[in-house]
2 protein chains.
Amino acid sequence: MATVSRALAGSHPVSAATRARVMAAVESLHYVVNVHAKALSGGVAGPVALVMEQIIGPSFADVAAGVEQEAAARGRLSLVCTTHGDQGREHDLVQLMREQHAAAVILVGGAVLDEAYHERMAEYARALDAVGSRLVLCGRPPLPGDLPVTVVEYDNRGGAFQAGDHLLSAGHRRILYLGGDPAMSTAEQRRAGHLQALRAHGVPYAEELDIPGTYTRASGYDRMRDALKAGLDFTAVFAGTDMVATGVLAALREAGLDVPGDVSIMGFDDVPFAADLSTSLTTLRVPYEDLGRTAVRLALDGERRTSGGDHVILGTQLVIRQSVRPPGEKGTGRGRRGRT
Amino acid sequence: MATVSRALAGSHPVSAATRARVMAAVESLHYVVNVHAKALSGGVAGPVALVMEQIIGPSFADVAAGVEQEAAARGRLSLVCTTHGDQGREHDLVQLMREQHAAAVILVGGAVLDEAYHERMAEYARALDAVGSRLVLCGRPPLPGDLPVTVVEYDNRGGAFQAGDHLLSAGHRRILYLGGDPAMSTAEQRRAGHLQALRAHGVPYAEELDIPGTYTRASGYDRMRDALKAGLDFTAVFAGTDMVATGVLAALREAGLDVPGDVSIMGFDDVPFAADLSTSLTTLRVPYEDLGRTAVRLALDGERRTSGGDHVILGTQLVIRQSVRPPGEKGTGRGRRGRT
DNA sequence: CTGTGGGATGTAACGGGTTTCATCGCGAGG
DNA sequence: CCTCGCGATGAAACCCGTTACATCCCACAG
C-alpha cells in the first residue's frame, strides 16, 4: 500500500519493476486514488468557489470563465454557487466552503453596503481565515478595518465619469440617468461618477433625470417608457448597464424615436452583443473575465496572509460606437416631450 | 468525539445538556466538520461536474445555470470545468471526477461523432460507472451499444426542420444555409433538418448555398461577406446559430441590404438579445437551462442503473419576430447578386 | 430491594491514503 | 571478508469523522 502510494506520487524512489507492476494493476483495476483519503492524510489543494447571485447574464458568465480558467491553470477545481439573492443561502455556502476546505471563496457582484453587510463580511472573513480559506470580494469595495480579505474591483466611478464626460463633451446637458438599485454598491458608484462628471462640466443636477431601477433589460424598457410618457426633457440617456440600454433602445424604437438622431444612449459593460443592437452601443468596457482571473490569482498566489489583504482596482475602457452623437445633429434634436 | 458527532448529526439521542455544551464549543472554536473525513467514513454526496468547451456564450451559461440550480436543490455542489476543445484535458477531467467521486459528469455541447469519439465515451462511461458516477451526454446523441449513459438532447433536426419550413412556407426558395462544422453532431443534425424541409417542399438542393463554418459571429460575418462577393443568388439566410445570424446581420447591413426587406434571416438558439438586434431575429428557442436541469435530474434521480440509461429529447420552439418576410415584399425582393 | 430495560456516553474499528521509521538486501570500499 | 551506506519495501501511525459495540447509570416494575 505504501509502495503503491510512492509509485503513484513519485515522491520516493521505487524500483522500475515495482512501478511497472503498480501501473499495470492500476490499469487493470481502473483504480483511482480517493481524494478524500488523500485530503485527510495530507495534501490536496482545495477548490475555488465562486458565489454569485446568478450565472445568467453576460458579466457573471465572464467572471466565471475567468475564475475557471485561472483556477484550472493552478490545478484547482472551481465550484459555482448561486445565492439568488438569499443571504441565508450565502451564509450556508460560506459554511459549506469551510467544510470543503476551499482555497478561496469569491463573492462577486454589487452588494448593499449597510452595517449588517460589513458585519456579515467580517464574520465570513474570520471564519474562512480560521480554516485557511481566503475571502475575495469581487466587484465590491474593500471592508473597513483590518480583515483578511482580498478585494478586486473595477473602477465603477471612474468609468461612469468617463462615460458621462463623453456625453457631456458631445454637448448633452439634459441626460437621463437610468441607474440601478441605489443601495447597491456598483449602482451608487456609477451614479457618483456620473454626478461628478456633471459637476465637472458645470451642469446642474436635475432630480427628475436621476431615475433608479434595476440592472435589467425590463427595467430599462419600463423606465424609458415612463420617462417618455412623463414628457421628460432630455437629449441623452445614460444607462447603468448595457442590458438597461437594450431596454431603452427598444422603448425608444417603439416610440418612433431615432438613436442617436433623436436621443443618444450610453451603456455600461460592453456586453458581447452591444455592437449588434439596432444602434450599436457606445459603452464602457468592463474587464469581467480579468476580474475573475485576478481574483483567483490574488487569492492563491502571494504569501501575504499578513492580516490585511490585497486590493486591486481594474480600469475600464470607453468603447465608442454609434449610439452617441451631439444633440441636434439630426431630427428634433432636443429631447422629447413624450406623446403629450 | 463520538458524542460530538451524534450531537451534530442528531442521529442518536444525546442529552440536552451535552448537546448544548457541544454547540457552545463548536461556536467558540469555529469548528466545522471535515468533508473529507466525513466522506471517508460514510455519507457525503458527490458533486455534479459540468464539462464543456467554454463558459462564454449564452447557451453554455444557461446550461450551467440549470445544472447549478438543480444540483443545489438536491444539496449537491456543482463543478464547472472547461476543456477548450482539448481531448487530453477532457480525459483528465473525467479522471479527476472519478477521484472526486462526482455523482455525475455532464458532458455538454456538440461533438465530432467519429469512431474515436464513441470509444472515448464508452471508456468514460465504464470508468465512471465503476466508481458509481454517472455519465451524462447533454446536447449529443446517444451512444451505440448498451452503456451506462444518460442522454439529454434537444431536437436539433426537428427544430431545423421547423425553422426551414417557416422560411419555405414564406415563399423562399433560394435559402443560404450557413451551418457549423459538418463534423459536429449538432451542426449535422441541424443541416439534416434543413435538407429535410427542402425536400418536403420540393425545393432542389443547391450545393453553393450550403456553406459550412463555425457557430460564431465572426464566421457568420465572414461567410456572409464571401457570399455577397461571390454574387450568390438567395432571398433568405438560415444561420446555424443566433451568433452566426448576428454576424450575417452585420455584414448585410454593411452591404447596404435591408433585413427583412432584401434578405430574410432565420436564427437558431434564441439568445437573450435576439429580440434587440438591428432587426429582431426570428429564431428557434432551445431550452438550454432546461437541458441542464434535466441532465442533473436524470442523473441523480431514478434508481435505473439498469445497464443502459435514460434518453430524453427536449423540444424546441419557433419564435417569430421580424427578420423573416416573404421574398419580394419590399425592395429588390430577389436575393442579391453582390456588388458585381 | 433487586432485576431489567433503555437512554446516554465512552471505546474502538474503519475508511483509504501518506509519511515516518524500521528493516532488509545488496554493492562498494576498507 | 567484513562493514558501511543507500536504495527499496514493509509496518504502523496518523488524518478525522461515523458507527457498531460495550458500558454505565438510573428509573421503574415486580
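**Exercise 1. Which helices of chain A and chain B each supply at least two residues of the surface near DNA strand D?**

Solution. The model is predicted, so local features need pLDDT of at least 70, side-chain atom pairs count only at pLDDT 80 or more, and totals for chains, interfaces and linings use all residues. Residues are numbered from 1 along each chain as its sequence is written, chains are lettered from A in the order in which they are written, and side-chain values use heavy atoms, with hydrogens and water left out.

Step 1. Helices are DSSP runs (H or I, at least four residues), numbered from the N terminus. A residue is near the strand if one of its heavy atoms lies within 4 Å of it.

Step 2. The helices are α1 (2-9) and α3 (35-41) in chain A, and α1 (2-9) and α3 (35-41) in chain B.

Step 3. DNA strand D is surrounded by 19 residues, the closest being R6(A), P13(A), T18(A), A2(B) and S5(B). By class, the surface holds 9 nonpolar, 7 polar and 3 charged residues; nonpolar here covers Ala, Val, Leu, Ile, Met, Phe, Trp, Tyr, Cys and Pro, charged covers Asp, Glu, Lys and Arg, and the others, Gly among them, are polar.

**Exercise 2. Identify the parts of DNA strand D that face R6(A), S15(A) and T18(A).**

Solution. Step 1. Polar contacts are pairs of N or O atoms within 3.5 Å; within protein, one must be able to donate a hydrogen and the other to accept it, and residues adjacent in sequence count only if both atoms are side-chain atoms.

Step 1. R6(A) places a polar side-chain atom 2.9 Å from a base nitrogen.

Step 2. Phosphate oxygens lie 3.1 Å from a side-chain N or O atom of S15(A) and 2.2 Å from one of T18(A).

**Exercise 3. Determine the relation between chain A and chain B.**

Solution. Step 1. Two copies of a chain are related by a rotation about an axis and a shift along it.

Step 1. Least-squares superposition uses the C-alpha atoms of residues with pLDDT of at least 70 in both copies. A rotation of 180° with 0.0 Å of shift along its axis places chain A on chain B, with RMSD 0.2 Å. This is the relation of a two-fold axis.

Step 2. Within chain A, the C-alpha of S278(A) is nearest the axis, 1.6 Å from it.
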